[in-house]
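Biologist: Could you walk me through the terms you use for this structure? I would like to see what stands behind each word.

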Amino acid sequence: MRSIRRLPAALGAAAAVILASPSEPVWAQNALAESGLIGELEGVTIITDPAQWPTSFNEAPELAEMVASGALPPVEERLPEDLMVIQPVGEIGQYGGIWRRGFTGPGDNENGNRIQASDRPILVDHTGATPRPSLAKGWQMSEDGKTFTLNLRRGLKWSDGDPFTADDFVFWYEDIYGNPDIVPTPIPDMTPEGKPGRIVKADDYTVNFEFDVPFFLFEELMMGDTLIGGGQAVRQSDKRTAGGYAPGHYLAQYVPSDTKSVEELDAEAKAEGFDNWVARLHFKKDWTLNPELPVLGPFRTVQPINNANWVMERNPYYWAVDTAGNQLPYFDGVAMSVVENLEVLNLRAMAGDYDLQERHIDLGKLPVILENQEAGNYTVHLDLAFNGADAIYQFNQTYDADPEIAKWLTNTDFRRALSLAIDRDQLNETFWLGVATPGSPAPGEVLPYFPGEGWREKWSTYDPDEANRLLDSIGLTEKDAEGYRLRTDNGERLRLEVQAVQAFLPWPRISEMVADQWRQVGIQADVKDTERSLAFTRTQANEHQIMVWNNGGTELLYLFPRHAIPVDPTEAFMGPEFAKWYASNGAQGRAPEDPNMLKILELFRSAAGQKSEERIETAKEIWKILIDQQYGIGTVGQSPALMGVRLVSNKLGNIPSRNCIAQHCRTPGGAHPETWYFKE
Amino acid sequence: MITYITRRLVLALVTCWAISVISFIIIQLPPGDFVNSYIANLSASGSMVSAAEADAMREQYGLNRPIWVQYGKWMGRVLQGDFGMSMEWGRPVLEVIGDRLWLTIVISIAAIILTWGIALPIGIYSAVRQYSIADYIFTLIGFIGLAVPNFLLALIIMYLGFKYFGANIGGLFSPEYDLAPWSWDKVWDLMSHLPLPAFILALAGTAQLIRIMRANLLDELRRPYVTTARARGLQEWRVIMKYPVRAALNPFASTIGYLLPFVVSGSIVVSLVLSLPTVGPLLLRALVAQDMFLAGAIVLLLGVLTVIGTFLSDLMLMWIDPRIRAGMHG
Amino acid sequence: MSAAISTAAAPVTTAAEEKVAVATQLQLTWWRFRRHKVAVASGVIVLFFYLVAVLADFLATNDPYATLAARSYIPPQEIHWFDADGSFRPHVFALEGKRDMKTFRLVYVADPEDKRYLELFVDGYPYRLLGLFETNLHLLGLDRGAPEEALFLLGTDQLGRDFWSRLVLATRTSLFIGLAGVAISLFLGVLLGGISGMYGGWIDTVIQRVIEILRSIPTIPLWMGLAAALPATWSVLQVYLAITVIISLIGWTELARVVRGRFLSLREEDFVMAAELAGASQLRIIFRHMVPSFLSHIIAAVSLALPAMIISETTLSFLGLGLRPPAISWGVLLQDAQNIQALAIAPWLLMAAIPVIVVILAFNFLGDGLRDAADPYG
């Protein structure tokens, strides 16, 4: 039996809500509708009623040829009994054509991983809220929250024709996840309250995930872009090791077993030019590098990512058909060409060199992109995201290098004052062309986790007088000749350091404007334009004062909390020491003394065992504390800045007018690119 | 003579060794290592790497060992012709560099030829016709080439090409040849894409060479032997070409070897802007990602190429200027 | 050219010529330099730029850090010289900005009714003149209006900051980086090149090896490594100094090589031999005989090194390694212009390249003139 639970309320009406934003910015925001660039969220329909399924099947001409020559079994035999039937957004498409895109090199594997988004058990639909069956046809959580069951599609096959079964989950669990040489530490997705869970095969098509304590959150984790639910393409490429399942029939030869010792494996690996067997496994299980690797997504790699062109072709065993029985995908393949800089990528997109590109497109170039629409024969869509802040100023609560600075970073009124001193409309106009929503970092209003009316504005509107009053009230009254407030310990100017990385958004530039606004209330902030990995090294070492980043992923707090609260030491801008303390269950790091911070972490820990409704309330509670305390100052969010400016060739059909932009929507993969096609 | 050359060879080897040490140090200079930058990159995909996993990765790459041990291991392999695996690309370094090295050399040589082709005649002309209108005009053009930042010029030309001529944007190949295997058509396609980057690269170096050539030649022309030659009624162009030009080439020749790193450095920037598949952008990315074997190999290869270039230029210097040959100390 | 030789070499008899005979080397150089019109003009330009650099804040019409979205990407303002009644009263029109939601461009409409008159010596943001006197006096400004309606001679950048004001402040930063860098290079280059060329032997070998190694490494990775190694906690000023040193650490090798090359060939010259035989001390030979004979080369090399420093600074900034905002330098401004939207929407930001080009040209012609003037054979 199947229980498709609607993930908190529908997101469908998101656009309308955002457009009717309460505060009217400088240049009226509802004018955004005028642009005609923001469409309605729409997506494919997955037909789950077998009565409506097609009974005869079709395949791409090139596959038909292979069948004719005997190189491939007939399409009926390649498709599973439990079919995935997809009704495209528009019409039944036609086969052919290579989808051209741009990518930036091997570090950009997400560019392709996302296209393979259907290779996970459950995938949310275009609303970002409703989970839909993918590899699994159904799933259920037991009453006690200790057993989660996946029902796999019967007859589903890997891209090499081998069956995909529960054994592939067990293989991952025992031979990859279970091998400390590959995965040294258990992942939190499998260890509620620090107690390791198990993956157990019930039968060929039924997999149980068993836990010792109630773990209702697991169901949600399975639907997100998480370590356990994320699927093979993203979770096992680029040295990653999670994913929940793996092609055991292929990878077994590369991991230690009863028949093969580590020494033998090492010898083999060295002979092939790898340092050791782990290095070889990382290569072999990476679909972007190894064309031999069996996959489940609509495409498979032909020319690996570490070339000037990353080329994929259709997976002949892909397990989805359209409503007319045509095996998907329609595209013959995908070809991504490497570019050395994003200006070139954007220019090529404008020249019509790419058929559909949303990744790496720069919102700041929108006027130029629009200008070239006709010449480049493309249409522009603006897809708004659901996260609350594209630029959030996270104050390091565990900073200890300078006690005076630490004193102010941990002072609530100080943070509130700095938040009130930010003129968000200015930022929105300058960097988001006025299309984003100013306010606190809370997730979008249409999301269940939105804490409620008033929390978008709380401490997050422009009020320099109040900011000055607050700063005076906490004792920062002395100023120097240029109007900057002075430290209370040695009378020198109080100088904060904002660490900004030039990455997804021009954060250094944005911070220059914020610094200018803080200057108006007498606070000097030095913007440090820092190279990305250096910035991460510094934050992990607890050396930053304030770090600016986005809070992408926090729209569903439990699936990706690290940009909202300090729970993951790899990225804990709000307090690396707290994160260490939290992640190690108190063994390392430092416990928060601040009762509010402590409360947040306790609430978050307790949520894993809570059922959906209760969990949502907990999340709202966490957001309220976060916003009231302003540990992270949100500026502007719910924008198209990240993958939301979409250039679509007019030759393409079945393209949704608005995509879901969120971590778990796997933009654009969540929109099922296998249903897109060339009209001519 | 032979001893001199042998000595230079030995010195060249020592230089190569020093370059290998320095390139290794340069790559290690920035704080953090490949694992840090790898973790930083993952942040976008929502993956996390635990401290234990990070340590395991460091162990796998040998990053947790002291720097001299790492250097030793690296050098040991390099001497056997194995430059190691690129951490970011997951492929042997030489394979990653592959075609890019040749394309870099092709572009650099095209740029150098263009530089010389422009600079030498103008330099000679400017010296012979000092203070003439043409001298000023050539000088001005040369200097403008030097003065315009080439990254800006590259972007402007690329944008104008896109906007008004529908030209291919960046790259060294047309889209149809991008995926194709090597053929004469592809070589021709490459040749047709060369002039723009070569021209932009050449611009920067031309003014300097014009300057040096002009200055040196002016010095030579004022020497008594030139007056003597003139007095004896030799043809003017012969007077100039026979000795003064050759002598003026002396300091010029000594810089040939160094043109290569100069052009390569320039090509990093231009390649980045024009998205050319040369080693430049690769090197830049490897340095940022702290992919030390890849970055180390590129710096080392370019360094060694330069040493070879210098060696050749020293030989040329000997041939050009007998005085230096005579003054050779062992 | 031959004319120049003959006049200088002609026998002297008149009073004026007598003056020449007793003049010092410096005076001679100056006289000869004055004849080189282009060089003199270039010298004036260079001086002018340094004057701008010194008086940058005074010349700025607006706070170079003041941001405002409502004036993002304003094109250079048109100045109207005469009032309606024909009197000479330079003014600009007040601007109203609006985003066109079809094109997403910011459109500014001038209101001819709302005139703002230009005035000299107006009050503006406070600064320290020459780093000494606290003042808020600025050369040029508008007679009235809110601060955000300042005069935008050269338009504004994305953040709505006045481009003219940023340009003059950038001039200060970049020109002084160049100067400091060249000073360091010159010192190292002449010292090490001279030692190398004069003494030869193992010192020469060692120095030559160092130069060869330094120059064999492509400069950009070297810069990158060094720049990335700068502590992230350093202030803009410290980074500024460090960048100067980094640039000059590479720059000196060129000079050293030139100096050494000249030493090597001069050593074989008759007049040096003669001086040696006459028992002149080594130092005297170097400074009395050899240095003057290749001073011209040093000057030529310096005149080339300075522009190279400036270009290096812009390249480093372009690569994100040099000075970074909030510092303002030519490199930082050029990097601002280094994107498609700037080219398409705000091409005036490219004007940052103009002072770079002018200064580099001026330095080169100046160096050229100096070189010719200092040449003892000239």
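Modeller: Gladly! Two strands pair if DSSP finds at least two bridges between them, and strands are DSSP runs of E with at least two residues, while helices are runs of H or I with at least four, numbered from the N terminus. This is a predicted model, where local features need pLDDT of at least 70, side-chain atom pairs count only at pLDDT 80 or more, and totals for chains, interfaces and linings use all residues. Residues are numbered from 1 along each chain as its sequence is written, with chains lettered from A and ligands numbered from 1 in the order in which they are written.

Biologist: How do you know that S14(A) and S23(A) pair?

Modeller: S14(A) and strand S23 (residues 645-649) of chain A share two bridges in the antiparallel sense, and a pair needs at least two, so they count as paired. Leu356(A) sits opposite Val648(A) in S23(A).

Biologist: What makes S14 and S15 of chain A edge strands?

Modeller: The antiparallel open sheet runs S14-S23-S15 in chain A. Strand S14 (356-357) and strand S15 (378-382) each have a single partner strand, so one side of each lacks a neighbour in the sheet.

Biologist: What is called a contact between chain B and chain A?

Modeller: Two residues are in contact if their C-beta atoms, placed from the backbone, lie within 7 Å. The contact takes 44 residues from chain B and 42 residues from chain A. Elements giving two or more residues to chain B's side include helix H7 (150-165) and helix H14 (256-274) of chain B.

Biologist: And which helix and strand counts does chain C have?

Modeller: Chain C has 14 helices and four strands.
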